[in-house]
Amino acid sequence: MKYLLPLWLLLFVFLPLAAWAEEDAELERVLAGLKVSAAGIETLASDFTQEKHLEIFRETLVSQGRFYFARPDKLRWETTAPVASGFLLNGSGGKRWHQRAGAPVPFDLGREPGMKLIAEQLLAWARVDLDWLKERYHLTLVGTAPVTLRLVPRQVAAKQYLDYLLIAFDAKGRHVASVEVHEQGGDYTLIRFDAAVLNQPLDPALF
Amino acid sequence: MIGSLFAALYRYFAPRRALLFALTLLLLGGGLAGLSQLQVREDIEALLPDDLSQVAADFRRLREAPFARKVLIHLRGSDPASLSDSADRLAAALAPPYFTRVMTGPASLDTARLPEWLAANLPNLLDGDDLNRLAATLTPERIDILVETAYQQLLSPEGWVTKGMVRRDPLDLRAFGLEKLRFVNPIGQARIDDGYFLSADGRGALIVADSPVSLTDSQGAERLLATFDEARTVLPAGVTATLVSGHRHTLANASAIKGDLMRVLSLSSLAVLAIYLFFLRSWQGVFVFLVPSAILLVASGVIALAYDQVFAVTLGFGGVLLGIADEYAMHIYFACRGSGRERAELVGEVAGPVTGGALATLASFAVMLVSSLPGQRQLAIYAMTGIVAALLLSLVVLPHLVRPAPAGGTLRLPLFTGGQRRPRKTIVALWLALLAVSALFVGDLRFDGELRAMSLIPEELRRAEHDLRQAFGDPRGQAMAVVEDTDSETALARNREVFRFLRERLPEAAIVSLAPLLPPAADQRQNAENWRAFWTGEEGRRILAALDAAGARLGFSAQAFAPFHAGLTAPPPAITSDSLRQAGLGPLVDALLVKNGVLTLVPDSAEARELFAGENPARPAGVHFVSPTGFGTEVAAAIQRDFSRYLLLSLLLVSALVVAIFRDRRRILLALVPVVTGLLAMFGIMGGLGIPFNLFNIVATVLVIGLCVDYGIFMVGNGTGAGAGGVDLSVLVSGLTTLAGFGVLVLARHPALHSIGVTVLIGIGAAIPAALLVIPALRGERE
């Protein structure tokens with residue numbers, strides 16, 4: 001009997017700890033690799049397809065559009081179908097437009113906390129800003145080919161909206177290939193980025 | 001009779017001088033003991049009314065004004081991003097006990113809490129007019145646009161955070177609630193950026209902090225500013241921070257008054273000593289010099305025992321007392337030195353005019369006992385104690401110490417001793433010219449009740465306040481409409497009336513009020529009833545049908561807007577001050593809800609003041625309007641009233657005394673020459689030079705009256721032979737010492753002490769030649 005206690009300790013405490021330590025080391029290795037491979041990305045342009053699985057809609061909402069990013073803080077999210085709408089961001093200011101609203105309407109991130117939250121997310125994904133993500137999320141490695149991370153928010157404010165994120169990178173680990181946004185209550189959104197073009201000059205008028 | 005009394009006292013103590021000196025030392029020792037209890041107060045409360053007058057009530061309300069007690073910190077830098085970071089860093093470094101509740105922005109607005117709260121509480125907040133506007137706005141086309149906008153939002157990434165709000169409020173009804181937030185930003189010119197108070201140009205940030213340090217606590221203020229100086233070292237290069245609060249004023253004034261006290265007391269003592277050495281020319285003059293020092297000790301000791309705290313301004317007047325208290329001693333000295341007659345008889349002769357003069361000064365100071373200003377009352381007690389002590393020491397003790405001078409041992413000035421013929425007509429003509437010119441400008445005399453004019457404001461602080469006003473408006477200078485009632489419901493109902501009154505008449509003004517967000521409970525019940533009736537009525541059903549139709553067209557499920565529908569028929573609990581706090585509006589609630597009352601802030605404009613001036617039947621009942629600018633006008637009016645009262649009472653008392661002493665019309669008029677000259681010259685020159693009267697130099701006027709009457713009594717008394725020769729000289733020397741005392745006050749940095757010095761310098765400076773030259777000229781003396 002006296003040998004059982006150390007055995008139990010070994011089985012139920014040390015082995016999981018050892019496994020966790022190994023996972024952690026693996027995650028760090030993968031993140032370090034992503035940092036290196038994404039480091040040289042200055043601009044990104046890609047198509048996206050978004051599927052929204054929301055309880056408040058009878059059917060899945062599918063939309064397509066274009067996504068543009070330029071370091072450090074310019075991005076454009078443009079939905080082309082089923083409706084033309086979108087927003088662009090340049091520093092702390094930006095514009096948004098809707099099909100029926102006419103001319104784009106400027107906004108200031110400082111005055112729109114909700115939009116700021118979203119803009120920070122999109123910029124972090126586009127920049128592959130792993131430090132920013134680690135600060136705000138618990139990261140878990142889900143797969144390595146391609147690299148897929150599960151992100152669970154640390155902050156209470158973010159937890160109100162998000163359950164977790166699943167982010168998958170392209171095969172070379174240079175940019176985000178898809179994102180799943182899982183909300184509290186079961187709704188989720190799937191975004192796939194296709195035909196990505198890296199480090200090509202972008203028309204300044206886009207931003 | 002007075003003469004006999006003091007002659008008898010002299011005779012009594014002549015063989016018992018040891019007893020007399022022991023009693024004198026006991027008196028001085030008592031003063032010294034009292035002085036050890038002295039606690040000095042350096043705030044401006046000394047000079048603000050503490051009675052039940054409107055001015056006093058308004059001053060108390062101004063002290064309760066939300067921003068009067070706040071510490072405002074203005075950060076400047078070129079980069080808004082680094083400014084908000086710097087504001088966070090500095091806010092973190094500003095810790096208790098000197099700083100509490102440090103805010104870098106309206107905390108409530110940087111989260112979704114307040115819009116959510118507004119959406120949930122619309123049934124309590126929207127009144128009948130709001131519902132009518134709502135019905136008119138929500139046309140079928142508008143509803144289509146709103147639902148389509150919601151759909152597009154949900155398609156975009158923004159939808160992750162807006163989905164809940166879309167379900168609860170698809171028709172954007174909260175926009176009607178957000179309108180009400182227009183009236184809760186106390187810093188009108190600030191823009192709220194990322195939850196921070198930023199200036200319009202983005203180069204300034206504002207931190208608002210509370211502090212438990214009393215605004216009148218100069219030592220606490222010093223420690224608070226030292227803590228701030230240490231805290232701001234966390235700021236990065238290129239970002240500066242300046243603190244603006246009442247504490248800086250308190251500290252600046254306290255430091256100036258302390259410095260002035262040292263300078264005034266030491267310089268006036270030196271100046272008086274120099275005058276004595278020149279004119280008295282005997283070691284026995286030391287006794288005359290000691291009288292003012294002794295009475296300073298006695299008066300300070302008495303005032304320290306009588307009051308828990310003594311105002312620094314009262315003590316500052318000590319230097320002045322040094323100057324005035326020597327005139328009785330001087331009179332005795334010159335009388336004793338200039339005559340070898342029997343000492344008791346001499347004392348009896350001099351005692352009459354000296355006591356008469358002292359009574360006149362006492363009477364003029366006694367008038368201040370009815371003042372509503374605690375500082376003036378304390379000053380009256382201080383001055384009267386000093387005068388009584390000076391009189392007793394001069395008439396009872398001094399004659400035992402001063403011996404007759406040998407022949408030629410006293411100074412004689414030809415002009416005043418009749419050694420040559422005086423140019424009578426020229427003197428009278430010049431005097432009349434002075435009176436005429438002065439009379440021309442008396443009408444230009446101004447009264448300044450502005451509190452800031454009485455304070456010392458260092459240039460650096462003035463600049464900091466100016467920069468803050470430029471960047472964020474003037475939150476500290478707002479006027480207040482105050483409703484007070486022990487019943488909070490009544491107070492809130494009155495507050496609602498005040499808000500409506502102001503909104504109707506000043507639609508463009510930046511009003512800050514709780515009324516839109518905290519209606520009285522009865523109003524909330526009525527609003528909730530109207531809300532329910534609206535949504536179950538024809539208009540409501542039409543809107544809801546249009547919403548469902550628009551939603552169905554865009555693919556929304558049947559349950560998409562279920563939370564919205566549920567909210568329409570289940571109104572939330574009534575809004576209270578506590579629920580506002582929970583919604584993140586605590587600072588605003590604390591600022592506007594005061595003990596038994598509610599405040600509404602309004603820009604201190606002429607239009608606003610006009611609304612509350614005089615009779616206005618449309619104005620809600622029971623509202624008090626307190627404006628910093630109007631307060632200055634009120635104080636000025638109070639000063640003017642006090643001034644007229646003092647002047648009249650002083651002149652009446654003094655005239656009555658002069659009549660009682662001389663009982664001869666010609667001599668009475670002659671005795672009044674210095675006081676009339678001094679006052680007229682003072683009013684005329686101050687009017688001509690644009691020097692206003694304030695709370696401080698009114699005191700000086702009282703002093704001028706007392707002193708000038710003394711000179712008149714002495715000079716006219718001299719004509720009767722009382723006091724023998726040397727009266728001219730005693731008036732000249734005591735006048736010069738008074739001028740020396742006041743002259744030193746002119747050097748004071750503190751505007752209050754400085755204004756006293758300037759005022760009395762003019763009054764006494766005119767009265768001395770009037771006493772020494774005009775009285776003899778009018779009396780027709782030819783010796």
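This is a predicted model: local features need pLDDT of at least 70, side-chain atom pairs count only at pLDDT 80 or more; totals for chains, interfaces and linings use all residues.
**Exercise 1. Confidence in chain B**

Find where confidence is lowest and where it is highest in chain B.

*Solution.* Start with the whole chain. Chain B has an average pLDDT of 85. A score of at least 70 is reached by 93% of the residues. Next, go to the elements. Helix 18 (residues 414–417) of chain B is lowest, with a mean of 51. Strand 7 (residues 240–244) of chain B is highest, at 95. Finally, check residues 720–724 of chain B. Their pLDDT is below 50. Beyond near neighbours in sequence, this stretch has 10 contacts in the model.

**Exercise 2. A helix pair**

Work out how helix 3 of chain B and helix 27 of chain B run relative to each other.

*Solution.* Take the geometry first. Helix 3 (residues 54–64) of chain B packs on helix 27 (residues 628–662) of chain B at about 150°, and the axes are 10 Å apart. Angles over 145 degrees count as roughly antiparallel. The two helices are therefore roughly antiparallel. Their crossing is left-handed. Now list the contact. Helix 3 of chain B brings Gln54(B), Val55(B), Asp58(B), Phe59(B) and Leu62(B). Helix 27 of chain B brings Pro628(B), Phe631(B), Glu634(B), Val635(B) and Ala638(B). By type, the residues of this contact are 7 nonpolar, 1 polar and 2 charged.

**Exercise 3. Thr250(B)**

Decide whether Thr250(B) is buried or exposed.

*Solution.* Locate the residue: Thr250(B) lies in helix 11 (residues 246–280) of chain B. Its relative accessible area is 12%. Buried means under 20%, so Thr250(B) is buried. Then look at the contacts. Setting aside neighbours within four places in sequence, Thr250(B) touches Leu215(B), Thr216(B), Asp217(B) and Ser218(B).

Key:
Residues are numbered from 1 along each chain as its sequence is written. Chains are lettered from A and ligands numbered from 1 in the order in which they are written. Side-chain values use heavy atoms; hydrogens and water are left out. Axes are lines fitted to C-alpha atoms, for helices over the stretch in contact, and angles run from 0 to 180 degrees between N-to-C directions. Helices (H or I, at least four residues) and strands (E, at least two) are DSSP runs, numbered from the N terminus. Angles under 35 degrees count as roughly parallel, over 145 as roughly antiparallel, 65 to 115 as roughly perpendicular and the rest as oblique. A crossing is left-handed if the near helix is turned anticlockwise from the far one by less than a right angle, and right-handed if clockwise. Contact means heavy atoms within 4.5 Å. Ala, Val, Leu, Ile, Met, Phe, Trp, Tyr, Cys and Pro count as nonpolar, Asp, Glu, Lys and Arg as charged, and the others, Gly among them, as polar. Buried means under 20% relative accessible area, exposed over 50%, partly exposed in between (1.4 Å probe, protein chains only). pLDDT is the predictor's confidence in each residue, from 0 to 100.
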